Each structure stands twice: as structure tokens, then as C-alpha cells.
Amino acid sequence: MADRIFKTDAEWRAELDAETYRVTRQAGTERPFSHPGFPNGPGHYACVCCGARLFEGDAKFESHCGWPSFSRPGGNIDEHLDLSHDMIRTEVRCHRCDAHLGHVFPDGPPPTGLRYCINGVALRFVPEGETGEGAP
Ligand SMILES: [Zn+2]
């Protein structure tokens, strides 16, 4: 896992556009089908806030739920119990910068049976061979 980084709320607000800030720093949810056409690799998905490697491109699958979905974590993922909105869910955050990414549900494909349902605005696709800006 990468070392943690910490920035103040004001710093994040200055660095990120309004929608990215709302989703990643205020645990928002983007509208479904906001990010069609994310590739399945080769490459990986990095945290838009800090560049940490989060999911491998080949873990992405088409869930038809409206958000990019992954069948396994690729690293730098923290999971937290989320009791908001009268639901019991598992929130997924970036281990490095604590960005809210989305949630993980137990209805994914085998072998993991997991569906990491992630806001596209929180992700940046990094093609194979590129390390990605700010990658740990
Ligand atoms: Zn991050």
C-alpha cells in the first residue's frame, strides 16, 4: 500500500473541479451513465485525486448499473461500513488520500462475487506502459 497523503479541505477544493470534489471529498454519487466507454485495459485505473493505483483494467466488467464496475480490488483500497441513507453498505475509499470512490456489493461475477461500483469521476485510466502522474 502507498503512503497516506493528507490535504486540507481547502486544498482539495482548489485542486479539483466541483463535481470531482463533491464526489470524492463529500462522498457524493455521480449521475449514472456519466462515464461510458471506460476501457477494460490493458492498463489500470488510478485515483483521480492522488494517482494511487486502484483497479486493474482487466477487472472491469459490464454490470449495466450505470457506474464503472470492477470484480476485484487492485490495491490501495480501504473499505468502511457505511450506514448512511438507511442502508448497510460497504464504502470504498482510496487508501492513500481517503477519496470516496463508491461502494462494493456482493453481487459481482465469479470468482470473487464482488462488484466494486465506482464513480467514474473518481477514476483516471492509465494505459499500460504509463505510470500515471503522481503514482506511488
Ligand atoms: Zn487517492
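Trainee: Where is the place of arginine 89 in this structure?

Mentor: In this predicted model, arginine 89 sits in strand E6.

Trainee: Why does arginine 89 count as buried?

Mentor: The relative accessibility of arginine 89 is 16%. Buried means under 20%, so arginine 89 counts as buried.

Trainee: How far apart are arginine 89 and histidine 103, in sequence and in space?

Mentor: They are separated by 14 residues in sequence, and their C-alpha atoms are 6.9 Å apart.

Trainee: Which residues are the closest to the centre of the largest pocket, and what is the volume of that pocket?

Mentor: The largest pocket has a volume of about 240 Å³. Of its 16 lining residues, Thr29, Arg89, His100, Gly102 and His103 are the closest to the centre. Strands E6 (89-94), E7 (100-105) and E8 (115-118) are the elements that give two or more residues to this lining. The largest share, 4 residues, comes from E7.

Trainee: How many residues in the lining of the largest pocket are nonpolar, polar and charged?

Mentor: The lining divides into 5 nonpolar, 8 polar and 3 charged residues. Arg counts as charged, while Gly is among the polar residues.

Trainee: What lines the second largest pocket?

Mentor: The second largest pocket holds about 180 Å³ of space. It is lined by 16 residues, and the closest to its centre are His35, Pro36, Glu62, Trp67 and Pro68. By class, this lining has 7 nonpolar, 7 polar and 2 charged residues.

Trainee: How many aromatic pairs does a search of the whole structure find?

Mentor: The search finds 5 aromatic pairs. One of them is formed by tyrosine 45 and phenylalanine 125.

Trainee: Why is the pair of tyrosine 45 and phenylalanine 125 called tilted?

Mentor: The ring centres are 5.0 Å apart and the planes are at 55°.

Trainee: Are tyrosine 45 and phenylalanine 125 buried or partly exposed?

Mentor: Tyrosine 45 has a relative accessible area of 0% and is buried. Phenylalanine 125 is at 21%, and the limit for buried is under 20%, so phenylalanine 125 counts as partly exposed.

Trainee: What makes the pair of phenylalanine 55 and phenylalanine 70 stacked?

Mentor: Their planes are 10° apart, with 4.3 Å centre to centre. Planes under 30 degrees apart count as stacked, so the pair gets that label. Phenylalanine 55 is in strand E2 (residues 53-56) and phenylalanine 70 in strand E4 (residues 69-70), 15 residues apart. Phenylalanine 55 is buried at 0% relative accessibility, and phenylalanine 70 is buried with a relative accessible area of 0%.

Trainee: Which residues do ring pairs link into a cluster?

Mentor: The cluster consists of Phe38, Tyr45, Phe55, Phe70, Tyr116 and Phe125.

Trainee: How do you know that arginine 25 lies over the face of tryptophan 12?

Mentor: Arginine 25 is at 3.9 Å from the ring centre, and the cut-off is within 6 Å, together with an angle limit of 35 degrees from the ring normal. Lysine 7 also lies over the face of tryptophan 12, at 4.9 Å from the ring centre.

Trainee: Where does UniProt place the feature "domain: MsrB"?

Mentor: The unreviewed UniProt entry places it at residues 9-128. Over those residues the chain is 12% helix and 33% strand, with the end C-alpha atoms 32 Å apart.

Methods
Residues are numbered from 1 along each chain as its sequence is written. This is a predicted model: local features need pLDDT of at least 70, side-chain atom pairs count only at pLDDT 80 or more; totals for chains, interfaces and linings use all residues. Side-chain values use heavy atoms; hydrogens and water are left out. On a 1 Å grid over the protein atoms alone, a cavity is a set of points where a 1.4 Å probe fits but cannot get out, and a pocket is an open set with protein on both sides within 12 Å along at least five of seven lines; lining residues have an atom within 4 Å of a point. Grid points are joined across faces, edges and corners, and a volume is the space filled by probe spheres set on the points. Rings of Phe, Tyr and Trp (its six-membered ring) pair if their centres lie within 6.5 Å; planes under 30 degrees apart count as stacked, over 60 as edge-to-face and the rest as tilted. Buried means under 20% relative accessible area, exposed over 50%, partly exposed in between (1.4 Å probe, protein chains only). UniProt positions are given in the numbering used here, feature names are shortened, and annotations may be inferred rather than shown by experiment.
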